[in-house]
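Please read the report below alongside the coordinates.

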Amino acid sequence: APRQPLRVSKVEVNLSLVRELGFTGKCPGGTLRIPEEDRMYARSLVSSLEGSGPTIALHPATSRFGEIKRWPVEHFRRLIDILRERLDARILVTWGPGERAVADAVGRPTVLPSELPLVRFAAVLEAVDLLIAADTGALPIASILGTRTVGLYGPKDPVVYAPYPARGETVLSTAPCSPCKLRECEHRICMALIGPEAVFTAAQRALEKGKLVPA
């Protein structure tokens with residue numbers, strides 16, 4: 001396959017391989033089949049959240065391999081306060097295997113009560129109105145299911161790593177070194193420079209657009 005430009009989605013890079021085998025179409029939309037019992041669990045959980053505004057999930061963790069991509073928990077904390085004050089949003093802090101401590105560190109209710117199987121976790125992301133997260137797997141899952149997203153990007157380039165096709169809002173760091181190729185960084189300023197007010201503005205834009213048609 002011909003070498004692809006550096007700033008192109010990873011999906012397009014992989015598509016270039018199968019196009020060499022004769023595939024000429026567009027990338028097929030993702031499909032996640034959610035059992036009804038998992039949808040019922042998600043609807044019950046969402047209905048129990050306090051507030052009268054939109055339901056917003058926030059996923060503060062990233063993989064251990066990608067800790068450089070985490071947004072500071074104090075920024076998540078401030079963002080939740082803003083969402084409650086201005087939108088009376090119903091908030092759910094989500095987490096996956098090994099991530100409970102990160103979710104608890106945000107220090108705001110409501111935290112997902114237990115570790116969920118992946119399909120049930122996906123059902124929760126489908127049931128909310130918006131997901132806010134750094135560059136992590138929850139973003140493409142939510143996008144496939146039709147949930148609006150706000151992705152926060154510092155060391156990674158959303159052109160390359162954001163959900164495909166690009167249908168959510170992105171907030172980019174203002175750090176002059178962002179994006180970069182580093183796996184570790186002694187400064188780690190890029191994610192800290194993304195302010196809660198900027199993320200709130202992106203969240204408002206996403207909510208105004210309403211639910212997506214599933215990919």
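## Helix packing and sheet order

Helix 3 passes helix 8 in a right-handed crossing, a crossing being right-handed if the near helix is turned clockwise from the far one by less than a right angle, and left-handed if anticlockwise. The model is a predicted one, in which local features need pLDDT of at least 70 and side-chain atom pairs count only at pLDDT 80 or more, whereas totals for chains, interfaces and linings use all residues. Residues are numbered from 1 along each chain as its sequence is written, and side-chain values use heavy atoms, with hydrogens and water left out.

Helices (H or I, at least four residues) and strands (E, at least two) are DSSP runs numbered from the N terminus. Axes are lines fitted to C-alpha atoms, for helices over the stretch in contact, and angles run from 0 to 180 degrees between N-to-C directions.

| Helix pair | Angle | Axes |
|---|---|---|
| Helix 3 (residues 73–87) and helix 8 (residues 196–209) | about 50° | 9 Å apart |
| Helix 2 (residues 36–47) and helix 5 (residues 118–127) | about 50° | 8 Å apart |
| Helix 5 and helix 6 (residues 138–145) | roughly 65° | within 9 Å |

Helix 3 and helix 8 are therefore oblique to each other, given that angles under 35 degrees count as roughly parallel, over 145 as roughly antiparallel, 65 to 115 as roughly perpendicular and the rest as oblique. On the side of helix 3, the residues that meet helix 8 are His75, Arg78, Leu79, Ile82, Leu83, Arg86 and Leu87, and their counterparts in helix 8 are Pro196, Glu197, Val199, Phe200 and Leu207, where contact means heavy atoms within 4.5 Å. By class, this contact of helix 3 with helix 8 comprises 8 nonpolar, 1 polar and 3 charged residues; Ala, Val, Leu, Ile, Met, Phe, Trp, Tyr, Cys and Pro count as nonpolar, Asp, Glu, Lys and Arg as charged, and the others, Gly among them, as polar.

The crossing of helix 2 and helix 5 is right-handed. Helix 2 contributes Glu37, Asp38, Arg39, Tyr41, Ala42, Leu45 and Val46 to the contact, while helix 5 contributes Val119, Arg120, Ala123, Val124, Glu126 and Ala127. The contact of helix 2 with helix 5 divides into 8 nonpolar, no polar and 5 charged residues.

Helix 5 also crosses helix 6 in the right-handed sense. In that contact, Leu118, Phe121, Ala122, Leu125 and Glu126 of helix 5 meet Ala138, Ile141, Ala142 and Leu145 of helix 6, and the residues comprise 8 nonpolar, no polar and 1 charged.

The strands form an open sheet of 5 with the order 2-1-3-4-5 and parallel pairing, two strands being paired if DSSP finds at least two bridges between them. Its edge strands, each pairing on one side only, are strand 2 and strand 5 (169–172), and the twist averages 20° from one strand to the next.

Strand 1 (residues 55–59) runs parallel to strand 2 (residues 90–93), and 4 bridges join them, with isoleucine 56 having isoleucine 91 of strand 2 as its bridge partner.

Most residues other than glycine have a negative phi, and most peptide bonds are trans. Aspartate 88, although not a glycine, has a positive phi of about 50°, and this residue lies in the loop between helix 3 and strand 2. A cis peptide bond joins proline 109 and threonine 110, with omega about 0°, and threonine 110 lies in the loop between helix 4 (100–105) and helix 5. Another cis peptide bond, with omega about -5°, joins tyrosine 164 and proline 165, and proline 165 is placed in the loop between helix 7 (158–161) and strand 5.
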